Amino acid sequence: MAHIHDYGKLIEGTWQEYWGMRFKWTSNHLTPQQLEQSIHSYDTVAAAAIERLDEITPVNTNLPPKDVSTEEAAKPDEEKKPRRDLYRLIQEYASKDDKIRELWIEINTIPEWVDWDQIESGQKIFFRYGGPAMTTLTFLSLLGGMASARTVETLDRTGGFDVKVVRRRLLETTQHTLNVHRDLKSIQPGGDGFVNSVKVRLLHAAVRRRIMQMASQRPEYYNIAKYGVPISDLDNIGTISTFSATIIWMGLPRQGIYLRQQEILDYLALWRYVAYIMGAPHEWMTTPESAKSMMESLLISEIRPSAVSANLANNIITGLQDQPPTYASREFMCAQTYWLNGRELSEKLEIDRPSLYYSSLVLGQCLFFMTVCYLNRSFSWLDNRNINLVRKVFYTVLLEDKSKGGLGYKSNFLFKYKPEFDRMTTERGILMTRSGVRNRRIERTALLSLVTFSTLAAAGAWYGYRVLGWALARSDKML
């Protein structure tokens, strides 16, 4: 069983099976013991810059430290209570302080291995496979990623995955994701995707600094020896992997979609650059072989679901159920979770087991995704049209139009969800019945797709049977 973790069997040339993935162990893979050293290292450049900012512009501790109301978060930036914009401060003090200047120079220096044409091609891949890619990020990368018991100890203390705020929190992550993929200008220095990436890097440094300060005051608050440094190098590797390798070799294939070799190279190149901007180790992304090996190594080393894992995973489903723009039911989301993560991991996360009906709907959704994606990528004109359409729809529905379920404001990735001594953990949210019209369009589309393919398959089988009967009868006459 995957959760037993028999590391003694990690011998080169042997086949391993963990959490539904079967692969051959090679010299490119890293054992849990080899990866463990990375839980004690972290992004020191951003950490030093944040420390200097705290000295130059002390944090106003009188600001509300806890949850921000939905109404407050939805206000335009100029109407919100003043908060610390770390990116603006880094930009302002880069010419005045050596530590801050070091970070500013690093993020604005383009590595020699960056090929902008390849980066742009990598960006298009996300929108080419928009539906299955977004499904992967939601139910495998993010929800399934909660199975990393060590990593969720940090998330648990921030309160960002409380059931009342988790939907908004995920939409803010979606803003970053979409901006990373939007266009070339967006990911280049000064663009929205670039700025969002740097802001997330600075936010991580601020969270890490706060938790470590709190742990120094009360060691029982966070066990650094056991869990490692909050948002360590290994945590960042895992995050980048879930947004890249997991999509390529787990999420899309489990929905019947396989990227072409050049697409794999281009997508890894994009996310290697994002990793660089965010201060994460990125050498493991040099080749598809090394990136896939890292993903598989992390499955063995990091995926160990805990009670906290189950709480946060269920909060994601509870926070999203019956909500626009998809109005997906809890049952359908549970079915997607089982489909993408497998039964064993889903049960460890205490996700409700779906019925055959909802599992069949996921099959119908996969058939729909396969048809649309493979058809569109077969013709360049259709591919370009689809990419532009999906990009427009995602931005409108998920970010811009609040009436359709979008975020409704531009997130600045401020330090809103602060760890506090009186909040040691995030509780599992209670299921609330939501009133109003529920237009489950996503489920109707999946059902229609399933019925259509089932009808075509039945018609094909019937036609094949008739042809076979005709051929046999003709053969008998000839004899």
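1. Helix α7 (residues 130-142) is largely enclosed by the rest of the structure, because 11 of its 13 residues are buried (under 20% relative accessible area; exposed is over 50%, partly exposed in between; 1.4 Å probe, protein chains only). Among the buried residues are Pro132, Met134, Leu137 and Phe139. The helix has a kink of about 30° centred on Thr136, the bend being the angle between axes fitted to the seven residues ending at a residue and the seven starting there. Thr136 is itself one of the buried residues.

2. On the basis of the model: this is a predicted model, in which local features need pLDDT of at least 70 and side-chain atom pairs count only at pLDDT 80 or more, while totals for chains, interfaces and linings use all residues. Residues are numbered from 1 along each chain as its sequence is written, and side-chain values use heavy atoms, with hydrogens and water left out. Helices (H or I, at least four residues) and strands (E, at least two) are DSSP runs numbered from the N terminus.

3. Strands β1 (residues 15-18) and β2 run antiparallel and are joined by 4 bridges; pairing requires that DSSP finds at least two bridges between the strands. They form a hairpin with 2 residues between them, and Trp19 in the turn has a positive phi of about 50°. Tyr18 has Met21 as its bridge partner in β2.

4. In a regular strand the side chains alternate between the two faces of the sheet. Strand β2 (residues 21-24) has Met21 and Phe23 on a covered face, with Arg22 and Lys24 on an uncovered one. In β1, Glu17 is exposed, at a relative accessible area of 52%. The C-alpha atoms of Glu17 and Leu299 are 9.7 Å apart, although 282 residues separate the two in sequence.

5. There are 24 salt bridges (a side-chain nitrogen of Lys or Arg within 4 Å of a carboxyl oxygen of Asp or Glu). Lys199 pairs with Asp85 at 3.8 Å between the closest N and O atoms. This pair links helix α11 (residues 192-217) to the loop between α3 (70-74) and α4 (86-93), 114 residues apart. Both Lys199 and Asp85 are buried.

6. Arg150 forms a salt bridge with Glu302, the closest N and O atoms being 2.8 Å apart. The pair connects helix α8 (residues 149-158) with helix α16 (residues 288-302). Arg150 and Glu302 are buried.

7. The structure holds 0 disulfides (pairs of cysteine sulfur atoms within 2.5 Å). Cys366 is buried at 3% relative accessibility, and Cys373 is buried at 5%.
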